[in-house]
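Please keep the sequence and the structure in view while reading.

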Amino acid sequence: MSATVCDIAVVGGGIVGCATALSLSETHPGAKVVVLEKEARLAAHQTGHNSGVIHAGLYYRPGSLKARNCTAGREALYAFCDEHGIPCERCGKVVVAVDEQELPALDELERRGRANGLLGLERLDAAQVRAREPHAAAIAGLYVPQTGIVDYTRVTETMGGLVRQRGGGILLGTELRSVRREQDHLRLGTSGGEVKTRLLVNCAGLHCDRVARRAGVEPGLRIIPFRGEYYEVRPERRDLVRHLIYPVPDPALPFLGVHFTRMIDGTVEAGPNAVLAWKREGYRWSDISPADLADTLTFGGFWKLAGNFWKVGLNEYRRSLFKGAFVSSLQRLLPDLTADDVTRRGAGVRAQAVDPDGKLVDDFRITTTERMVHVLNAPSPAATASLSIGKFVAREVGRLLTA
């Protein structure tokens with residue numbers, strides 16, 4: 001079997017990988033770009049289990065990679081959807097504070113939003129919250145008009161189609177297994193045969209740390225998979241939610257808390273929680289990988305993380321196991337909601353990077369080494385920011401090509 005030959009191999013066919021390949025095909029039109037995706041379709045994991053929120057850029061520290069790429073990527077994504085006829089909606093979001101203890105954090109969100117250039121951001125009192133979300137419990141809130149919704153699987157498939165149109169390749173069912181450095185290229189061993197490439201871009205999401213290590217790069221972190229489980233609001237009760245309704249998040253955690261999301265197909269999703277997944281693609285309690293679980297449990301950083309947040313973790317497991325506990329957390333935002341109003345929906349898995357000290361890596365982390373670029377931490381808002389991340393990586397690749 002002859003080897004596939006390319007200039008740039010992108011590992012990972014999620015939205016970040018496909019956006020990166022698309023940007024590479026635009027900025028380096030003479031270069032042969034090939035995407036390697038281990039599953040039989042694009043957007044099979046984090047992207048395909050995404051709730052579809054287009055984030056405005058409210059939460060992120062001004063000047064951080066998340067803030068810069070989210071705000072730029074948001075507008076690029078809206079433009080991309082308009083250009084290619086992909087349905088999306090700027091539905092807006094209301095962040096609600098339900099007690100006075102949350103007001104300082106709400107103040108900080110408002111400060112960050114304005115520092116990140118959000119236009120039309122409105123501070124709301126209790127009556128103004130009720131005017132926008134009559135069923136929400138709140139003493140104050142923020143209205144964020146730039147927040148939207150879209151189908152990220154459709155976006156990713158469109159990106160993949162454009163990569164093909166521009167002469168690139170999408171190799172499905174092709175898992176990266178080894179990387180060998182040779183004099184002027186990299187030789188990649190995959191489940192579909194050898195790939196010979198000048199440069200490697202790692203956008204492997206849940207497996208990005210493993211890909212880095214196979215390539216001889218120590219990422220300095222470990223991906224810990226957290227499963228987020230969702231409920232769906234019954235169709236006859238969808239009128240409880242007009243926009244998106246979010247709580248004021250805990251500043252100590254990278255998760256945004258349970259919230260209500262209107263999706264582009266008209267459904268209303270409620271959740272998620274955040275529990276340790278026993279498999280990197282573990283969408284159910286019954287999904288167990290001994291190798292993945294051992295990878296987590298033998299990492300010292302995980303136990304340091306668990307020691308700091310064990311009480312939070314126990315509460316998350318309680319909400320996972322007992323519907324009543326989950327509904328109770330939802331009722332904090334929507335008191336009129338009952339257990340009969342929601343049914344179990346699917347789940348997603350977040351690739352959360354944790355460092356050896358047990359700290360949750362908050363910002364995006366992108367590392368450039370000889371002949372390689374590794375996207376090592378790209379959780380939410382990576383889907384929103386994907387086109388901007390792709391341009392960032394393409395610039396790094398350009399430096400490697402001219403070195």
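In this predicted model, one aromatic cluster is formed by W278, W285 and Y317. The count of aromatic pairs comes to five. A pair of aromatic rings is described by the distance of the centres and the angle of the planes. Between W285 and Y317 the ring centres are 5.7 Å apart and the planes stand at 55 degrees, so this pair is tilted. Because W285 lies in the loop between β17 (275-276) and α7 (290-297), while Y317 belongs to helix α8, the pair ties together parts that are 32 residues apart in sequence. Another aromatic pair, made by F302 and W303, is edge-to-face, with 5.1 Å from centre to centre and 75 degrees between the planes.

A disulfide is a covalent bond between the sulfur atoms of two cysteines. How many disulfides does the count give? The count comes to zero. C203 takes part in no disulfide, and the nearest cysteine sulfur, which belongs to C18, is 9.2 Å away. For C208, the closest cysteine sulfur is that of C203, and the distance of 9.3 Å is too far for a bond.

The helices can be considered next. Two packed helices are described by the angle between their axes and the distance between the axes. Helix α2 (residues 65-84) packs with helix α10 (residues 382-402) at an angle of about 105 degrees, and their axes are 6 Å apart. An angle from 65 to 115 degrees counts as roughly perpendicular, and α2 and α10 are therefore roughly perpendicular to each other. On the side of α2 the contact includes L65, N69, R74 and F80, and on the side of α10 it includes A383, T384, I389 and F392. By kind, the residues of this contact divide into 11 nonpolar, four polar and one charged.

Helix α9 (residues 323-331) has A325, F326, V327, S329 and L330 as its buried residues. Among the elements that cover these buried residues of α9 are the strands β13 (222-233), β15 (259-262), β16 (268-271) and β18 (342-354), together with the helix α8 (300-321).

Notes:
Residues numbered from 1 in each chain as written. Predicted model: local features only at pLDDT ≥ 70, side-chain atom pairs only at ≥ 80, totals over all residues. Heavy atoms only, no water. Axes fitted to C-alpha atoms, helices over the stretch in contact; angles between N-to-C directions. Helix = DSSP H or I, 4+ residues; strand = E, 2+ residues; numbered from the N terminus. Parallel < 35°, antiparallel > 145°, perpendicular 65-115°, else oblique. Contact = heavy atoms within 4.5 Å. Nonpolar A, V, L, I, M, F, W, Y, C, P; charged D, E, K, R; others polar. Buried < 20%, exposed > 50% of the residue type's maximum accessible area, 1.4 Å probe, protein only. Disulfide = S-S within 2.5 Å. Phe/Tyr/Trp six-rings, centres within 6.5 Å; stacked < 30°, edge-to-face > 60°.
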